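Here is a short note to read with the structure open. Please check each point against the view as you go.

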Amino acid sequence: MENRKVLKSGEFLVNEIQANDMFIPEQFDEEQKMIAQTIRDFLETELYPNIDQIDSPDINLMKATLKKAGELGLMGISIPEEYGGFGQSFVTQMLAAEIIGAGHSFSVAFMAHTGIGTLPIMYYGNEEQRQRYVTRLAAGDLIGAYCLTEPGAGSDANSGKTSAILSEDGKHYILNGQKMWITNAGFADTQVVFAKIDRDRVLSAFIVEKDFPGVVINPDEHKMGIKGSSTAQIFYNDVKVPVENLLGNRGEGFRIALSILHMGRIKLGANVLGASKKAITDSVKYANERKQFNVLISTFGSIKHKLAEQVIKTYALESAIYRLSKDIDDQIELNKASGLDKGKASVEGISHYAVEAAILKAYGSEILDYVIDEAVQIHGGMGYSAEMAVERGYRDSRINRIFEGTNEINRLLVVDTAMKRAMKGDFDLFGKATELAENLATCYIPAVEDESYFEEKLRVIKNFKNLILIVIQGASAHFDKKLLQEQEVLNNLADMIMEVYIAESLVLRVQKMENMNGSDPAGLYRAMVDVFVYDAADKIRKPATDAIYSFATSDLQLNYKNVIETLTGTAGVNVKDARRKVADKLIEDNCYKF
Ligand SMILES: Cc1cc2nc3c(=O)[nH]c(=O)nc-3n(C[C@H](O)[C@H](O)[C@H](O)COP(=O)(O)OP(=O)(O)OC[C@H]3O[C@@H](n4cnc5c(N)ncnc54)[C@H](O)[C@@H]3O)c2cc1C
């Protein structure tokens, strides 16, 4: 583990790292690039030629394609070698998830299998369970599913009614209940099923095989998108589950479910990054072919604006994704050094970064929705044709804001988890917030003499952070314990926090690139920084203002308003020229290559 400063989850709100402390995608090694290329080749040869047929839907073809991915070793990337995998780092797992993310419904099936379908057993299973199931899941000999959601238990996942009663001879749990929206249900061999034992208040987890008598799988749902992925209800009618198939301890199910969801959220961030890059490439290729008014549409300022925004948002998201991935790798190493076994070290390392996981999930899925929506627009009428990849991408994108915890739930988690971690003593949020709020007149950090380009951007971001702390302090003081019921204010805070994390990651990445490679001769990456930070000020100003007006008494409103204006002040930027610079590079490359 290299010697670098690593922050705890949520700590970025009050503390900073240096650019050189951050991992950036420009540091991928040859092995990582080779794995990425193998997956790209797989998508090109095995998936894209068959995607219409898979989405028809043809779940047998989907299953066969998953098996081929297994034969290539792609299902063992996250699994330690002793269980038949390749034990790759979290950064590599995320890179693989990014590339797979361009795989439409296949991506959903693959991620459900390798992630939520396999990793609960890897992370929480005993040795016998790992040898029996994980080795075969990692090879693709078995396909996995994860069964948490029920008709009455969606976001409120712990409220499920599926029950497990110990049989009189003590050899089985008798499972009864119903799960719904289960990805891979139509062909999965193993299911991780969450149910309550006897009258427990909390869930336990079980490994259920599809052929256990009493497991009944409904026909697939008809969905808006990701049509090739199998999604169905599963019924459990007096299913006898051997007691050896209890996963973890009795009552540990909710913890398992949540930890796996943290992991799923982070990886979803990587998936949507890959899907965004594909949509950008599809967009620019079309814009470079389509002529109107006798010229290519890529020459129009309106189209350049769209292309540039697609790139800038995607590039910023990518910066945050790999920053977090490396932080997780380091946390996993620390956990191993403290004596945890590989599975536990990984899951604890991932769960530690719950704040950032929720950010990547919610922010990332909304970026993909933005990017793919503009991709359709760039295609004009053709964007509405089922012949074009962007039409499929548009439909497939929408689910990302719903599963792995809806974006509403993830926004709440961003704020709630950060505040809980601060209360636990991981970092001093409330002390700093109180100090700032008591000295509103001096909370603005002014420019220093001879401030460098990056010093200026990071100072602006620090001022954004000060504003977040002031709003947290004001809202906490006003609502006290009821703040958690004021979801609109929590959403305002989440929007500000997400924007700051992504903006800071972008600035630090570009600074580190310049430290590594010398200055950015075309000013291309600085152009992205300029636009993103300038826009971030607006995106932070609005929720800050909304939040303040929801609690500040009229005598304080003007004070607060002035503070918001000051703390969101940024230097003027010629965003038109900056965006054109980014768009022109994309247009020249005719694909996403940043
Ligand atoms: C295609 C697909 C695949 C899926 N795959 C799986 C799978 O493999 N395994 C699995 O277990 N599940 C799976 N799911 C289920 C998915 O995780 C849930 O749909 C999701 O968690 C939301 O639950 P729900 O549908 O019951 O919505 P609800 O919880 O009913 O939510 C409805 C609305 O209310 C909002 N809401 C709910 N609670 C709150 C709150 N406390 N505060 C503010 N707003 C709130 C939500 O954000 C949403 O906007 C899948 C779903 C789909 C559609």
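1. Start with the shell around the ligand. Three elements each supply at least two of its residues: β1 (144-147), β3 (172-183) and α13 (407-424). The largest share comes from β3, with 3 residues. Keep in mind that this is a predicted model.

2. How many residues surround the ligand? There are 20. The closest are L148, G154, S155, T406 and E408. Sorted by class, the shell has 10 nonpolar, 8 polar and 2 charged residues.

3. Now look at a pair of helices. Two packed helices are described by the angle between their axes and the distance between the axes. Here the pair is α4 (residues 90-100) and α8 (residues 253-287). Their axes come within 6 Å and cross at roughly 45°. The crossing of α4 and α8 is right-handed.

4. Which residues make this contact? From α4 come M94, A97, E98, I99 and I100. From α8 come K267, A270, N271, L273 and G274. By class, the residues of the α4 and α8 contact are 6 nonpolar, 2 polar and 2 charged.

5. Finish with helix α15, residues 453-479. This helix has 27 residues. From its first C-alpha to its last, α15 reaches 39 Å. That is close to the 39 Å expected at 1.5 Å a residue. What follows α15? The next residue is D480, and its phi is positive, near 55°.

Note on methods:
Residues numbered from 1 in each chain as written. Predicted model: local features only at pLDDT ≥ 70, side-chain atom pairs only at ≥ 80, totals over all residues. Near = placed C-beta within 6 Å. Helix = DSSP H or I, 4+ residues; strand = E, 2+ residues; numbered from the N terminus. Nonpolar A, V, L, I, M, F, W, Y, C, P; charged D, E, K, R; others polar. Expected span 1.5 Å × (residues − 1). Axes fitted to C-alpha atoms, helices over the stretch in contact; angles between N-to-C directions. Left-handed = near helix turned anticlockwise from the far one by under 90°. Contact = placed C-beta atoms within 7 Å.
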